[in-house]
Structure formats: C-alpha cells, structure tokens
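Subject: Structure handover

Hello,

Here is the structure I promised. Please look it over first; my notes follow below.

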Amino acid sequence: MRILVLTSSNPGKDSTAEIHMKEVLRCLSETDQVIAIAQPEHRLRGISGLTVKEVRSPRSFAKITAVGIFCKILLAGSSIIAATIELSRSQIDVIYARHGINSLGAVVLSKTFRKPLVLEVNALWSDDVRYYARHYALVKMAITETLARLLDVLSFRYSDMIVAVTEGIKKAIVEEFSMPPSRVQVIPNGANTDLFKPTDQNAARLAVGLGKDDKIICFVGSIYYLTPWPGMSDLIAGAPRVLKKVSRAKFLIIGNGPLKNRWHLMVRGLNLQDAFIFAGRVPYDLVPTYISASDICVVPFRRMVNE
C-alpha cells in the first residue's frame, strides 16, 4: 500500500507533536510505502521505506502570534500544493493526515483524487481554541471557537476513517458531531520500545548528572495550558509532605512551555528550590535515560482531555 502523509510540522524536531509524527511515519514505513510531505528541517532520513517530499515555507517558533499563525497557513498551503503534485504523479492508495490546519486541504485532496482519507485526531480544534483563548488575546480575535468547530465538523464528516488516540476523544466525536462509532477507531499513543526500555539506574544518573543517593521523582511532558497538567500544582503543594518523610527526594521536571514559569514561582514561594530540578526540554533520545535514572515517574492528571 502507498500512503501519502501530510505532516503539518517538522517530523523529528523536538516538539512532542513532531516526535509523534516521526514515530508514526517510522511504524507505517515498516509495512507500507510511505510518502511524507515535510519541511527541509525534518530528521527522517534513514527510515526504510519512507520517501520525503520537502516543502519550503517561512517558519516561526512564536506560534501564538500573527506571524506564527501566518507561517502555519503558508506551510499548510505549500503542503497541499506538494501533495497535489504527488497525487497527480504517483499511484497513492490512502491519504493520512493529522487533524489540524491541514485537515480541510486533506479533505479536498481526498475528494478531488477519490482517495480514502484517514484522519488522526489528538484533540478537537474547538477544544484547542477554547483553552488557548483563555491565555492568548490573539486567538480570541483571529480564530473563533465557531470557526474551529466548523473545521472539526467538515474534517470529521468527510473523512473516511478517524483514528482517535483516546476513548474520550472518540466519545466526543461520536456524541458531539453525530459520527457513526464504526468510523472512529481508537489507537492509543504508543512508545518506541527500542528506545524506551530500562537501563542501569546508576549509569543513567551518571550520564545526566543526578545524585546517586537521591530519590528522583520524575515528570516528563509538555507544559502547556491545553494539557491536563494543572495537577502538577498539587504535586508541588504536596512536596513538603514528601520531603518530611523522604529528605533526599528530588523532583525532576522535564519539559518546557508557558506553565513552567508559574511552577517556578510556586516552588520559590514554598522555598523548595533545592528539591526541584527544572531540566527544560531535553533531546528525545535522552528522555529514556532520565526515566531510567528516576525512582518513580508521576503523571499529575486532574482529568483526561475530552473525558
């Protein structure tokens, strides 16, 4: 089977979305011929069975700004043009897209070239906008919840199959958008077990500079308003109780995003600077080493998205 994938990002860079897309492409390429539309900064070379068609577009790292949004739109347009050329030249069996700014373009390509569209949904755009609008005034002006919901409606209605990464997202798609359950399949996010596997803890601590005798409590994740990590504030608030019983406890926070400063302030307010290590964003290949170096990993959910 030949699959055309619209990545909508730079697979292989260090953001969670781009790492996820790289792993999806790697897995698909193990059994099928895959053609990916990606920007030149991708790190996909060496994946067997994968062909990359590069598209060039201005890139902004300030995503929630007028410039950032404009660059995203340019990238989406460039990707759709490249995909149109590829569909005209090659025999493609399936189009695969991640729900987002490329979704409507993927729908148009699917109907124009009469190819089935598989849409991967990690979140509803109407939810994204609702959360971001609380913190970014530009989102309120430039992207309304109504337009985002329209994107959801059209993308879901005209996709041939939807892959939801959680049962909660499937439930939301079925109930809120009146989609037949048979057209929504749940495939949870996985992990690359060739990379994420236990290693010697002492060697891992030496590699990343952690104390041999400390008790490491580790969090790994993106630190954004949209994610359900407000539970991290509960962890920080409860840290003094942990330290009373485990004096050598260290809280290792791996990840970056706008909530990080808020967590820093909480830690300083409780005078816990010596107990918290904010490592920031670390290379993807190094994340398993930090996990192996830890005694326990925490997932401070208060709720799951769409649940």
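In what order do the four strands of the open sheet come? The order is 10-9-8-11, and the pairing is parallel. Strands (E, at least two residues) and helices (H or I, at least four) are DSSP runs, numbered from the N terminus. Two strands pair if DSSP finds at least two bridges between them. Strand 10 (276-280) and strand 11 (296-297) are the edges, each pairing on one side only.

A word on the source. This is a predicted model, in which local features need pLDDT of at least 70 and side-chain atom pairs count only at pLDDT 80 or more, while totals for chains, interfaces and linings use all residues. Residues are numbered from 1 along each chain as its sequence is written, and side-chain values use heavy atoms, with hydrogens and water left out.

Back to the sheet. Strand 8 (residues 215-220) and strand 9 (residues 249-254) run parallel, joined by six bridges. Ile217 stands opposite Phe251 in strand 9. Helix 9 (residues 231-245) packs on the sheet and touches strand 8, strand 9 and strand 10. Its direction makes about 160 degrees with that of strand 9 (N-to-C directions, on a scale from 0 to 180 degrees, with axes fitted to C-alpha atoms, for helices over the stretch in contact). Contact means heavy atoms within 4.5 Å.

Now the whole protein. It has eleven helices and eleven strands. Of its 307 residues, 47% count as buried (under 20% relative accessible area, 1.4 Å probe, protein chains only).

Last, helix 3 (residues 103-113). Its buried residues are Ser103, Gly105, Ala106, Val107, Leu109 and Ser110. Just after helix 3, Arg114 takes a positive phi of about 55 degrees.

Best wishes

How values were computed. Buried means under 20% relative accessible area, exposed over 50%, partly exposed in between (1.4 Å probe, protein chains only).
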